[in-house]
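The model comes first, the notes after it.

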Amino acid sequence: MRDYPQMLAATDHIEPVPRRVRAVLGGRTVFDTMRALYVWEWPSYPQYYIPLSDVDPGVLVDEQHLQRLRRGAARRHGLRVGDIDRPGTARVFTDDALEGLAGTVRFDWSAMDAWFEEDEEVFVHPRNPYARVDALRSTRTVRIELDGVVLAESASPVMVFETGLPTRYYLYRTAVHFEHLERADTVTACPYKGRTSAYWSIRVGDQLYPDLAWAYDFPTPQLLPIAGMVAFYNEKVDVILDGELVERPTTHFFR
């Protein structure tokens with residue numbers, strides 16, 4: 001049984017975005033709007049839908065292709081900025097779309113070089129307005145093990161509580177036994193925490209477990225308590241909290 005709250009927004013839920021939203025490609029602002037919409041394409045987080053009138057018309061390339069999508073008909077467009085071409089990365093919704101979506105554009109997130117809420121860069125997807133992510137200092141004892149080998153142990157963790165995910169335990173590097181960790185080239189990003197600065201695989205004997213620990217040296221301002229600390233995927237290691245083994249959760253990170 002999970003011990004953390006799930007997301008509550010239903011698929012196709014739509015809400016206004018009260019923040020200024022921008023996206024940039026090749027040094028050019030593709031759109032700049034105060035009228036974006038949150039659209040939940042699945043319950044975990046929304047996507048932005050942008051009014052067509054707030055999009056730079058010089059970057060859109062109409063591909064003359066009408067698509068019948070879950071949320072209505074949309075004309076497929078590409079993006080072109082100078083020598084940069086991103087075909088098939090925008091959908092302009094027509095009058096038979098879900099109520100409120102006609103005349104909006106849904107861009108593929110990866111088509112842009114960067115997205116911004118106000119003046120802060122946002123990674124991976126929009127931040128869910130119904131989600132909380134809290135980093136709280138604690139004096140509970142946390143021990144991380146794998147195959148009976150102690151990887152880290154601390155009585156001063158920072159615990160990150162994020163809606164829809166199990167608690168993550170961030171530990172000071174001095175509490176981590178790095179002789180069992182091998183540096184990896186992996187880089188990931190999170191809309192709430194920022195971009196990782198380090199990843200490690202774990203070696204126990206002859207067995208290598210890839211990409212099970214990470215750190216954010218420069219997290220977003222809201223998550224500054226975790227700066228420089230190391231966390232492990234609860235799904236793949238054993239977490240002993242105050243002497244009690246925590247059941248390994250199942251999440252979308254590991255199926």
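## Rings and strands

Y233 counts as buried, at 10% relative accessibility. This is a predicted model. F253 counts as partly exposed, at 38% relative accessibility.

The rings of Y233 and F253 have their centres 5.7 Å apart. Their planes stand at 50 degrees, so the pair is tilted. Planes under 30 degrees apart would count as stacked, and planes over 60 as edge-to-face. Y233 sits in the loop between β22 (230-232) and β23 (238-241). F253 belongs to the segment after β24 (244-246). The pair therefore ties together parts that are 20 residues apart in sequence.

**A stacked pair**

The count comes to 15 aromatic pairs. One of them joins W40 and Y130. This pair is stacked, with 5.3 Å centre to centre and 15 degrees between the planes. W40 lies in strand β4 (residues 37-42). Y130 lies in the loop between β11 (120-122) and β12 (133-137). The contact therefore ties together parts that are 90 residues apart in sequence.

What is the relative accessible area of W40? The value is 0%, and W40 is buried. Y130 is partly exposed, with a relative accessible area of 45%.

The two pairs are set out below.

| Pair | Centre to centre | Angle between planes | Class |
|---|---|---|---|
| W40 and Y130 | 5.3 Å | 15 degrees | stacked |
| Y233 and F253 | 5.7 Å | 50 degrees | tilted |

**Cluster and charge**

W40 and Y130 also belong to a cluster linked by ring pairs. Its members are F31, Y38, W40, Y48, F107, W109, W115 and Y130.

Another ring contact involves a charge. The charged end of R22 sits over the ring of F116. The distance to the ring centre is 5.9 Å.

**An open sheet**

Four strands form an open sheet in the order β14-β13-β23-β24. The pairing is antiparallel. Which strands stand at the edges? They are β14 (149-154) and β24. Each has a single partner strand, so one side of each is left without a neighbour in the sheet. Neighbouring strands of this sheet are turned by 25 degrees against each other on average, direction ignored.

How many bridges join β13 (residues 142-146) and β14? There are five, and the two strands pair in the antiparallel sense. At residue level, L146 has V149 in β14 as its bridge partner.

Key. Residues are numbered from 1 along each chain as its sequence is written. This is a predicted model: local features need pLDDT of at least 70, side-chain atom pairs count only at pLDDT 80 or more; totals for chains, interfaces and linings use all residues. Side-chain values use heavy atoms; hydrogens and water are left out. Rings of Phe, Tyr and Trp (its six-membered ring) pair if their centres lie within 6.5 Å; planes under 30 degrees apart count as stacked, over 60 as edge-to-face and the rest as tilted. Buried means under 20% relative accessible area, exposed over 50%, partly exposed in between (1.4 Å probe, protein chains only). A charge sits over a ring if NZ of Lys or CZ of Arg is within 6 Å of the ring centre and within 35 degrees of the ring normal. Two strands pair if DSSP finds at least two bridges between them. Axes are lines fitted to C-alpha atoms, for helices over the stretch in contact, and angles run from 0 to 180 degrees between N-to-C directions.
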